Amino acid sequence: MTEKTVAAPARPERLDEDLAERLARGEEEAVAGVYARWGALVHGLALRALGDPGEAEDVTQQVFFAAWHGRAGYRPERGPLSAWLVGITRRKIADALAARTRRAELAARAERERHAAPAASRPEDVLDRVCVGDEMALLPEAQRVVLRMAFYDDLSQAQIARRTGLPLGTVKSHARRGLHRLRRRLAPPGAS
């Protein structure tokens, strides 16, 4: 009778290292293995932090998408793949919480403006005003001042130049750059 040699099962650490190496090499099948191995961990962390299953699923997808696209940044000598994924998860959870806060603040501001706005205003108009106001606040001061004077004070560019003491060409440049930046930031995704 001959003896059969049975290979010892691979250590979990070695399987994890193999998955990490395959992911770093860009093997697409490795993403499925990484997800199968750590998807529940990532989802569990997101669900506990966010308390919303839908948001937790979104964060989980974002984590594995970010891991795939950022795989060149993984350094095995700095720690195991699971720790790297947990780091990505924490950042994506923070992003989701910040987005949730922004949405709540935007909704609250829109509600306040809706109540302060004339009765003829539509809810979309209120939301547009809030969005434009937020984007205006992000403009450089010179562009913001020129656009506020033009649109809220209904001044011509020549009047703005006289009031601010800026050359007319500078006022026109600030208005053009500010409007261009607003158009780019307020355009729907995918619009040119």
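In this protein chain, residues 24 or more positions apart account for 49% of the contacts with a separation of 6 or more, a contact being heavy atoms within 4.5 Å. The model is a predicted one: local features need pLDDT of at least 70, side-chain atom pairs count only at pLDDT 80 or more, and totals for chains, interfaces and linings use all residues. Residues are numbered from 1 along each chain as its sequence is written, and side-chain values use heavy atoms, with hydrogens and water left out.

First, the overall layout. The protein chain has eight helices and zero strands, so defined as DSSP runs numbered from the N terminus, helices being H or I of at least four residues and strands E of at least two. Read from the N terminus, the order is α-α-α-α-α-α-α-α. Of the 192 residues in the protein chain, 27% are buried. Buried here means under 20% relative accessible area, exposed means over 50%, and partly exposed lies in between, with a 1.4 Å probe and protein chains only. The accessible surface of the protein chain comes to about 13100 Å², and 55% of that belongs to carbon and sulfur atoms. Those areas come from the Shrake-Rupley method with a 1.4 Å probe; for residues, only the protein chains shown count as cover.

Next, the salt bridges. How many does the structure hold? There are six salt bridges, each a side-chain nitrogen of Lys or Arg within 4 Å of a carboxyl oxygen of Asp or Glu. As background, side chains of opposite charge can pair when their charged atoms come close.

One of them joins Asp-16 and Arg-37, with the closest N and O atoms 2.7 Å apart. This pair links distant parts of the chain, Asp-16 being in helix α1 (residues 12-25) and Arg-37 in helix α2 (residues 28-50), 21 residues apart. Asp-16 counts as buried because its relative accessibility is 18%, while Arg-37, at 42%, is partly exposed.

Arg-25 and Glu-27 form another, again with the closest N and O atoms 2.7 Å apart. Arg-25 is at 54% relative accessibility and therefore counts as exposed; Glu-27 is at 24% and counts as partly exposed. Both belong to a network of salt bridges that links Arg-22, Arg-25 and Glu-27.

Then there is Glu-135, which sits in helix α5 (residues 123-138). Which residue does Glu-135 form a salt bridge with? The partner is Arg-185, and the closest N and O atoms are 2.3 Å apart. Here too distant parts of the chain are linked: Glu-135 is in helix α5 and Arg-185 in helix α8 (residues 168-186), 50 residues apart. The two side chains also make a polar contact, at 2.3 Å. A polar contact is a pair of N or O atoms within 3.5 Å; within protein, one must be able to donate a hydrogen and the other to accept it, and residues adjacent in sequence count only if both atoms are side-chain atoms. Is Glu-135 buried or exposed? Glu-135 is buried, because its relative accessible area is 15%, whereas Arg-185 is partly exposed at 46%. Leaving aside neighbours within four places in sequence, Glu-135 is in contact with Leu-182, Arg-185 and Leu-186.

Not counting residues up to four places away in sequence, Glu-55 touches Leu-50, Ala-96, Arg-100 and Arg-103.

Asp-95 is found in helix α4 (residues 81-116) and is partly exposed at 45%. Asp-95 and Val-59 are 36 residues apart in sequence and 9.1 Å apart in space, C-alpha to C-alpha.

Now helix α6 and what follows. The buried residues of α6 are Gln-143, Val-146, Leu-147 and Met-149. They lie on the same side of α6 because they cover an arc of only 160 degrees around the axis, taken from the directions from the helix axis to the C-beta atoms. In general, an α-helix has 3.6 residues a turn, so residues three or four places apart point the same way.

The loop between α6 (141-151) and α7 (157-164) holds Asp-154. Its phi is near 55 degrees, a positive value in a residue other than glycine. Asp-154 counts as exposed, at 64% relative accessibility. Tyr-152 is found in the loop between α6 and α7 as well, and is exposed at 51%.
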